[in-house]
Amino acid sequence: MEIGKIERLKGEVSIPGDKSISHRCIMFGSIAKGITEIHNFLQGADCLATIDCFRRMGVQIDETDDKILVHGNGLHGLQAPSDTLAVGNSGTTTRLISGILVGQPFESKLSGDPSLNSRPMKRIMTPLTEMGANISSVLRNGCAPLYITPSTLHGIHYTSPVASAQIKSAILLAGLYAEGETSVTEPTLSRNHTELMLREFGADIESTFSLEDTSATAHIRPCSELYGQKIMVPGDISSAAYFIAAGLIVPNSEILIKNVGINSTRAGILKVCEDMGGDISLLNQRTISGEPIADILVRSSQLHGTIVSGEIIPTLIDEIPVIAVMAAAADGITLIRDAAELKVKETDRIETVTDNLSAMGCDITATEDGMIINGGAPLHGATIHTLLDHRIAMAFSIAALIAEGTTNILDSKCVDVSYPSFYDTFEKLL
Ligand code: S3P
């Protein structure tokens, strides 16, 4: 995909459904009793992998033009898959489904693409094993392919070294099948869609917060059944982030981004935009299916550098590539710290962001847990090596809009993982 500098962006866009929430609707709907009706489901490759996995375990999932119907098999109704479950590029599918699979009376195997199969899985294998699960790495390298055999689970209290919704969710889902209470403490609250949605499905789950530090604990106790729900999936703020950034850094722009989920465990980018001097307003705020939603109005702004660190990091971890692009356009220095988790995403995003922004002429230095960006110098077009990372492709498509000359985004089709219509939406604003 070749992209050149543009004069302005104007118009209104709707954003596809939230990836994290879409995965969870399919998973929880599959192990619930009755029908789960899902509107605005994200038809991205990652979420389609989740659908495929549950179909392989005997769940009927119907796709119509405007909704998905999951005919749940109940908590104990999944069937043994005849083949390896293919999880593609999706860390969320792999880690969350593992929490369900360890509680099943059949064996299963999971495998993904080369990127997925090199991401760390010990982070879920360790707590799940502590609960009594039989889960192993087939190549004994702590990564997928994973092999799971039946076992009896018991509740544990797990203190997670990282704030990760995938780790937390894997443990909580296993907790549905364990004897006694299961709880997970994380150093700061990561996205809480599992807690919110499982509660809607009837699970016995609650969250508590420490008065002494920023830690948060989710507790779950087994229940006899979950019950199917009707869910309207909000627009994904991680996808909206590209248009928020574009609206701020492309001169003479004004973009209205409709129906975006602004759950506080996801909305750190809004705070960062404000800190950088961005002209951003939230309109029409409301709550749908237990999740807060707003329309976001963005106007071009001269941004300035900021510090992004500490407990805000888990609330914007997937937006850091595009925040780095905003920082490149901003006056002064932006420091991103406490974000070592970037190294274990679809690519090592400290490296992919630093390499590609450097190639465009930005003064950027990688650090152990983030980056230092000395913004304000004009960017120039370059060849962007996405390494098949969807968020790198989209973040650098935005950088291309303010760079002199042409930018070539290699393997831009990888946006299909989370936002297949990304380039079409973009065209609407030209
Ligand atoms: C996700 C959690 C985050 C995020 C990922 C989706 C989820 O990962 O980066 O894109 O849906 O639970 P971690 O839990 O590993 O931080």
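Helices (H or I, at least four residues) and strands (E, at least two) are DSSP runs, numbered from the N terminus. The model is predicted. This briefing covers backbone geometry and cysteines. Most residues other than glycine have a negative phi, and most peptide bonds are trans.

**Positive phi**
- Asn-40 is found in the loop that runs between strand 3 (33-39) and helix 2 (45-55).
- The phi of Asn-40 is near 60°, a positive value although the residue is not glycine.
- Asn-40 counts as partly exposed because its relative accessibility is 33%.
- Asp-411 sits in the loop between strand 25 (406-409) and helix 12 (422-427).
- Phi is near 55° at Asp-411, a positive value in a residue other than glycine.
- With a relative accessible area of 47%, Asp-411 is partly exposed.

**Cis peptide bond**
- The peptide bond joining Ala-144 and Pro-145 is cis, with omega about 0°.
- Pro-145 lies in the loop between strand 8 (134-137) and strand 9 (146-149).

**Cysteines**
- A disulfide is a covalent bond between the sulfur atoms of two cysteines.
- With a cut-off of 2.5 Å between cysteine sulfur atoms, the count comes to zero disulfides.
- Cys-53 is in no disulfide, and the nearest cysteine sulfur, that of Cys-47, is 12 Å away.
- Cys-53 is buried, as its relative accessible area is 0%.
- For Cys-223, the closest cysteine sulfur is that of Cys-25; the two sulfurs are 17 Å apart, so they are too far for a bond.

Notes
Residues numbered from 1 in each chain as written. Predicted model: local features only at pLDDT ≥ 70, side-chain atom pairs only at ≥ 80, totals over all residues. Heavy atoms only, no water. Buried < 20%, exposed > 50% of the residue type's maximum accessible area, 1.4 Å probe, protein only.
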